[in-house]
Amino acid sequence: MDAQGQESFREFVAGRSSALLKTAVLLSGGDRHAAEDLLQNALIKAAGRWHRIDEPEAYVRQVLYRQQISRWRLKWRRREVSVAELPEEGTDDGDGAAAAELRLVMRGALARLTARQRTVLVLRYFEDLPEADVARILGCSVGTVRSTTHRSLARLRALAPELAALGPADAEREPSRDYSPVEVRP
Amino acid sequence: MNVDELVRDALREQAAGPMPLPSGFADRVLAVRRRRRNRTIAGAAAVTALAVGLSVPALSGGGEDVRPASEMNKSDIIAHPHQSPPRDMIAAGDTALAAFYVRENDKQSNGDVISKRVYGLLDQKTGKYRKTRWAFLDVAPGMRTAAVLEDELPARRIGLLDMITGKVDRWIPVEHGVAGVAFSSDGEKLVATTYSKNPDRNFADHPQNINGKDVPGPLPSRTGFSVVDVDSGKEDWHRAPYWKDETGWSANARDDFEFSHDDQYVYADIPMDPGREYYDLEGNKTGIPAAEKHVSWAEAGLSPDGKLVGGDFAGDGDEISSEIVDSRTGKRITTVPGQQLLAWADNKRLIAWGCDPERCNGKNEFRNQLLLITIGSDKVVQLSDFRKASDDYPGRWVPLFTERRS
């Protein structure tokens with residue numbers, strides 16, 4: 001990479017790193033150090049082909065997602081995830097507090113999903129992408145996205161009994177019969 | 001509330017608010033990338049070395065995630081007009097003062113005298129010149145690596161020194177003793193000049209008469225040159241004995257080779273016209289490449305685009321100036337207020353020994369400093385103070401310039 005390329009790369013990182021780090025933190029289940037590693041590796045890949053990338057942010061995001069999936073597939077040693085301590089079960093002093101408490105419980109449960117499950121949920125519910133787009137990004141079938149979403153939500157309920165009272169998501173109402181393995185293009 | 005709504009809310013809450021990265025994250029990424037690439041290169045080098053029976057330690061390529069000082073300060077002109085010898089990095093345009101040296105005579109018990117170099121080499125961690133005791137060195141373009149030779153010359157291995165850590169990352173063993181090294185303009189090759197004796201040693205049993213007095217004299221011993229592939233450590237040696245006239249007289253003991261402007265040839269200066277002798281990289285003696293036909297003895301040589309030549313002294317009377325020549329026709333295009341043209345900063349500016357006309361008024365050519373001069377302009381920028389010795393560097397310092405960006 002020449003000096004000009006390095007300059008534009010630095011500008012991109014300075015301008016977009018906060019947004020990208022947020023995604024990386026979510027993908028890492030709240031582990032900030034793992035998120036920085038994830039983002040660093042994605043940016044290294046982007047730097048290697050900087051002059052050939054038209055949409056750097058889209059490229060880096062795609063690498064972030066796929067890296068997560070690949071890490072899972074390759075059975076890389078899973079990092080111990082430290083999460084904020086769950087609040088003691090206390091009195092319900094209002095709807096706001098109860099909702100905040102539920103969000104924290106959910107955050108803890110999300111951190112305990114597999115990387116693949118969490119990635120699919122981040123794409124579906126944080127990025128608000130349709131199943132077809134998630135499938136394209138992850139290089140798998142729509143059926144796989146649907147079944148993974150379904151199983152991930154079920155797993156969340158299993159991990160946190162506090163979530164049992166919640167209504168089913170759309171994805172849970174029509175369970176997919178597609179249990180094909182995740183296919184990730186290299 | 002549905003479970004998917006809670007997932008959405010929890011994720012958004014977790015991502016809310018600013019999430020700044022550590023400062024310098026982009027540079028950390030670039031440094032790690034460089035290091036990984038270098039590891040890959042070193043891996044390939046190790047495999048090749050194994051194949052040819054050499055031992056090449058891994059190249060760490062930076063050692064730490066530290067940006068070189070030359071990348072931290074990218075100012076077009078970095079001048080220290082009150083420093084001589086320089087303490088802090090000097091640079092202009094694409095070129096920087098990568099190192100300098102002074103000579104120090106080291107008398108031996110047998111009466112020989114070795115004229116040693118004491119180098120000030122740019123420390124890329126601090127941006128300052130650090131005194132080193134290498135017998136000889138050259139700095140690669142980009143100023144991350146220096147090729148170094150140990151005492152006593154000729155050396156049996158070439159060190160690749162990391163200019164951030166100050167340590168040798170790899171040693172390249174050589175079959176023929178080497179006393180001079182020079183990088184190609186892409187930094188991928190080295191030309192190593194081979195000698196049978198130390199070209200910096202003056203021999204008591206080979207005296208020369210200076211001012212009516214016999215003193216130890218030099219002994220020409222150049223045997224040839226090796227073209228060394230920096231990545232693999234592979235070398236190709238070619239015989240190229242020292243120049244001598246028909247009576248057997250030779251001017252210098254040291255006649256080092258350097259790469260031509262296009263890296264296709266190597267050349268060494270000779271004391272007779274045409275001033276240089278050229279060899280191709282297979283070791284065949286050739287004529288002067290057309291592009292270098294009008295290159296003079298001035299060190300600046302061809303401009304980066306190859307269109308101009310930094311020429312010889314062209315002053316008249318008290319005037320101190322040098323000529324700029326059209327590389328195609330050899331005709332003088334203009335003159336510039338420099339006494340000795342040393343290096344091109346870019347296609348329009350040169351670094352030269354000289355004296356700011358406002359301070360010198362054309363007097364005393366030995367009172368000189370590094371100047372940045374611009375073709376077609378009277379404007380002169382002082383890059384260093386007037387050349388003088390210091391306790392650390394007892395002598396007139398000689399600059400070594402390198403392209404500061406790789």
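Across the interface of chain B and chain A, six salt bridges are found in this predicted model. One salt bridge joins Glu36(A) to Arg28(B), with the closest N and O atoms 3.6 Å apart.

**The interface between the chains**

Two helices of chain B, α1 (3-15) and α2 (25-52), each supply at least two residues of the side that touches chain A. The greatest contribution to this side comes from α1(B), with 12 residues. By class, the side of chain B that touches chain A holds 17 nonpolar, three polar and 14 charged residues.

In total, 34 residues of chain B are in contact with 46 residues of chain A. The size of an interface is often expressed as the accessible area lost when the parts come together. Between chain B and chain A the buried area is about 3600 Å², and carbon and sulfur atoms give 62% of it. Within chain B, the residues that lose the most area to chain A are Val3(B), Gln14(B) and Met19(B), which together account for 18% of what that side buries.

**Salt bridges**

Side chains of opposite charge can pair when their charged atoms come close. Over all chains, a search of the whole structure finds 34 salt bridges. Glu36(A), the partner of Arg28(B), also forms a salt bridge with Arg32(A), where the closest N and O atoms are 3.1 Å apart. Arg32(A) and Glu36(A) both belong to helix α2 (residues 32-48) of chain A and are four residues apart, about one turn of the helix.

Two packed helices are described by the angle between their axes and the distance between the axes.

| Helix pair | Angle between axes | Distance between axes |
|---|---|---|
| α5(A) and α7(A) | about 105° | 9 Å |
| α5(A) and α1(B) | roughly 90° | within 9 Å |

In chain A, helix α5 covers residues 115-126 and helix α7 covers residues 142-159. Given their angle, α5(A) and α7(A) are therefore roughly perpendicular to each other. On the α5(A) side, the contact is formed by Arg116(A), Gln117(A), Val120(A), Leu121(A), Arg124(A) and Tyr125(A), which meet Val145(A), Thr148(A), Thr149(A), Ser152(A), Leu153(A), Arg155(A) and Leu156(A) of α7(A). The residues of this contact comprise six nonpolar, four polar and three charged.

The axes of α5(A) and α1(B), a pair that spans the two chains, cross at roughly 90°, so α5(A) is roughly perpendicular to α1(B) as well. Here Leu121(A), Val122(A), Arg124(A), Tyr125(A) and Phe126(A) of α5(A) make contact with Asp4(B), Val7(B), Arg8(B), Leu11(B), Arg12(B) and Ala15(B) of α1(B). Seven of the residues in this contact are nonpolar, none is polar and four are charged.

**Backbone features of chain B**

Most residues other than glycine have a negative phi, and most peptide bonds are trans. In chain B, the peptide bond from Ser84(B) to Pro85(B) is cis, with omega near -5°, and Pro85(B) lies in the loop between β1 (77-78) and β2 (91-92). Asp151(B) and Glu152(B) are likewise joined by a cis peptide bond, with omega about -15°. Glu152(B) is placed in the loop between β7 (145-149) and β8 (155-162) of chain B. Met143(B), a residue other than glycine, has a positive phi near 55°; Met143(B) is located in the loop between β6 (136-139) and β7 of chain B.

Notes:
Residues numbered from 1 in each chain as written. Chains lettered and ligands numbered in written order. Predicted model: local features only at pLDDT ≥ 70, side-chain atom pairs only at ≥ 80, totals over all residues. Heavy atoms only, no water. Axes fitted to C-alpha atoms, helices over the stretch in contact; angles between N-to-C directions. Parallel < 35°, antiparallel > 145°, perpendicular 65-115°, else oblique. Contact = heavy atoms within 4.5 Å. Nonpolar A, V, L, I, M, F, W, Y, C, P; charged D, E, K, R; others polar. Buried area = accessible area lost by both parts, 1.4 Å probe. Salt bridge = Lys/Arg side-chain N within 4 Å of Asp/Glu carboxyl O.
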